[in-house]
Amino acid sequence: MELATIGKAKILHQHVFRNSNPAVFGVEVVAGKLKAAMFLMDETGKNIGRIKGLQLEGKTVTEALEGMQVAISIGGMNFDRVLGDKQFLYSDLSEVQFKTFKKNKDLLNLGEIKALQEIGDIKGF
């Protein structure tokens with residue numbers, strides 16, 4: 001299936017490595033996974049931007065799985081202004097992607113299902 005990736009990440013405010021151009025900061029993946037080039041939104045549904053890259057212990061990785069702590073970079077935003085008071089980031093799914101995931105819930109683990117429900121609540125699907 002050509003689907004986006006479901007992911008929920010907790011922002012690690014004590015690990016801001018660069019405030020802008022691009023913003024580089026730490027996150028912990030609490031559900032699903034994060035991948036380079038995926039779009040993220042905050043807990044209000046506001047689009048934050050696209051992940052330019054992920055690093056684990058100084059090495060570039062293509063994805064981060066549940067439980068991992070990684071640094072992500074997002075261009076075109078100022079960390080303090082945009083995410084200073086935010087706790088979590090989510091995959092920014094379209095309604096079509098959301099409905100496709102709902103129909104195929106049997107392919108998801110419990111963390112991904114919970115994150116999908118939260119994304120649906122945030123976006124009003």
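Which residue takes a positive phi in the hairpin of S1 and S2? Keep that one in mind for a moment, everyone, while I cover the ground rules.

This is a predicted model, so local features need pLDDT of at least 70 and side-chain atom pairs count only at pLDDT 80 or more, while totals for chains, interfaces and linings use all residues. Residues are numbered from 1 along each chain as its sequence is written, and side-chain values use heavy atoms, with hydrogens and water left out.

Let's start with the overall picture. The protein has 3 helices and 8 strands; these are DSSP runs, H or I of at least four residues for helices and E of at least two for strands, numbered from the N terminus. Going along the sequence, the order is β-β-β-β-β-β-β-α-β-α-α. The radius of gyration is 14 Å, close to the 14 Å that the globule rule gives for 125 residues, so the protein is as compact as a globular protein of that length. That radius is taken over C-alpha atoms, and the rule is 2.2 Å times the number of residues to the power 0.38. Along the principal axes, the C-alpha atoms fill a box of roughly 40 × 30 × 20 Å.

What share of the 125 residues counts as buried? The figure is 42%, where buried means under 20% relative accessible area, exposed means over 50%, and partly exposed is in between, with a 1.4 Å probe and protein chains only. As for contacts (heavy atoms within 4.5 Å), take those with a separation of 6 or more: 66% of them are between residues 24 or more positions apart.

Now back to my opening question. The residue is Asn21, with a phi near 55°, in a hairpin that has 4 residues between the strands. Asn21 is not a glycine, yet its phi is positive. At 61% relative accessibility, Asn21 counts as exposed.

S1 has another antiparallel neighbour, strand S8 (residues 88–91), joined by 3 bridges.

Staying with rings, how many aromatic pairs does the structure hold? There are 2. The rule is that rings of Phe, Tyr and Trp (its six-membered ring) pair if their centres lie within 6.5 Å; planes under 30 degrees apart count as stacked, over 60 as edge-to-face and the rest as tilted. Phe25 and Phe79 make a tilted pair, 4.9 Å centre to centre with 50° between the planes. Phe25 lies in strand S2 (residues 23–35) and Phe79 in helix H1 (residues 79–83), so this pair ties together parts that are 54 residues apart in sequence. Both Phe25 and Phe79 are buried.

The other pair is Phe98 and Phe125: the ring centres are 5.2 Å apart and the planes are at 45°, so the pair is tilted. Phe98 is in helix H2 (residues 95–103) and Phe125 in the segment after helix H3 (110–123), which puts them 27 residues apart. Phe98 counts as buried at 7% relative accessibility, whereas Phe125 is partly exposed at 34%.

Thr5, in the segment before S1, is buried at 16% relative accessible area. Leaving aside residues up to four places away in sequence, Thr5 touches Lys33, Lys35, Met38, Ser91 and Leu93.

Note on methods
Two strands pair if DSSP finds at least two bridges between them.
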